[in-house]
Amino acid sequence: MVGTMPLDAPGVIAAAFGCEAAVASIVATKAAYRHYPARSMIAGSEALPQQLYIVIAGRARMLAYAIDGRLVVVEDFKAGALFGEGALFDSAAASHEVTAVDPVDAGAFERHVFLTLMSGYSCIALAVSRLLVARLEATTRRLVEGATLSAAGRIHAELLRQARSSPDMTIRPAPVLATLALSVQSTRESVSRAINALQKRGIIRRDEVALTVVAPHRLEELIY
């Protein structure tokens with residue numbers, strides 16, 4: 001659904017690109033804003049990518065299908081996250097799709113518009129460069145972990161990675177077991193067993209709203 005610019009769009013853009021408020025306000029006017037209901041598709045996997053998106057509010061998820069038909073979570077996108085950067089570089093049709101987990105407000109930039117912004121504002125170009133480096137690092141990490149770690153090791157590594165993104169080593173909200181299983185290419189049952197075992201050993205503490213890694217060093221020792 002096409003809509004007007006959300007009031008917080010310039011602030012989200014300023015934080016995402018690391019640019020001044022005046023530049024963010026200009027960038028914000030160049031996007032077309034849309035609202036996506038929960039579970040609706042934002043970008044499909046068949047058509048050539050045509051637009052780059054920035055999430056203004058809500059949460060979206062990139063999903064891909066493995067050769068054997070398994071569904072894999074590639075990445076989650078929260079406010080300020082960018083996706084669809086393949087549209088900038090004549091990429092082939094995407095092998096993934098992006099759907100709204102929660103209701104999502106997003107801004108979509110046409111290719112020629114965003115390339116002009118990159119040429120005119122160094123902060124935009126640097127932000128895209130950082131994004132591409134981060135995506136490459138994440139892909140490399142997944143390949144290494146898939147080749148060197150057991151299913152339990154991948155679960156432990158993902159829990160530790162998510163916890164370390166918070167200063168108090170707490171994942172909020174508590175991870176959904178089925179989603180965590182998709183992200184580490186395992187099963188919900190394996191994730192449930194691993195988390196229950198960690199709780200019994202006092203390595204993590206979990207309730208309905210959060211999961212806290214109490215003993216990160218012990219969890220790290222279990223990865224390998």
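Two strands are taken to pair if DSSP finds at least two bridges between them. The legends below apply this to a predicted model.

**View 1. Strand β8 and its two antiparallel partners, β3 and β5**. Strand β3, residues 41–43, pairs with β8 in the antiparallel sense over two bridges. Met41 has Thr99 of β8 as its bridge partner. Strand β5, which covers residues 60–65, also runs antiparallel to β8, and five bridges connect β5 and β8. Here Ala64 is bridged to His96 of β8. Strand β8 itself spans residues 96–100; four of its five residues are buried, so the strand is largely enclosed by the rest of the structure.

View 2. Strand β12, residues 211–213, is joined to β10 by two bridges, with the two strands running antiparallel. Within this pairing, Thr170 has Thr212 of β12 as its bridge partner.

**View 3. An aromatic cluster of Phe17, Phe109 and Phe114**. A pair of aromatic rings is described by the distance of the centres and the angle of the planes. The count for the model comes to four aromatic pairs. One of them is formed by Phe109 and Phe114, whose ring centres are 5.2 Å apart and whose planes stand at 65°, an edge-to-face arrangement. Phe109 is buried, with a relative accessible area of 0%. Phe114 likewise counts as buried, at 0% relative accessibility.

**View 4. Cys19 and Cys123, two cysteines without a disulfide**. A disulfide is a covalent bond between the sulfur atoms of two cysteines. A search of the whole structure finds zero disulfides. The cysteine sulfur closest to that of Cys19 belongs to Cys123 and is 4.1 Å away, which is too far for a bond, because a disulfide requires sulfur atoms within 2.5 Å. Cys123 is accordingly in no disulfide, and its nearest cysteine sulfur is that of Cys19. Cys19 counts as buried at 10% relative accessibility, and Cys123 counts as buried at 15%.

Note on methods:
Residues numbered from 1 in each chain as written. Predicted model: local features only at pLDDT ≥ 70, side-chain atom pairs only at ≥ 80, totals over all residues. Heavy atoms only, no water. Phe/Tyr/Trp six-rings, centres within 6.5 Å; stacked < 30°, edge-to-face > 60°. Buried < 20%, exposed > 50% of the residue type's maximum accessible area, 1.4 Å probe, protein only.
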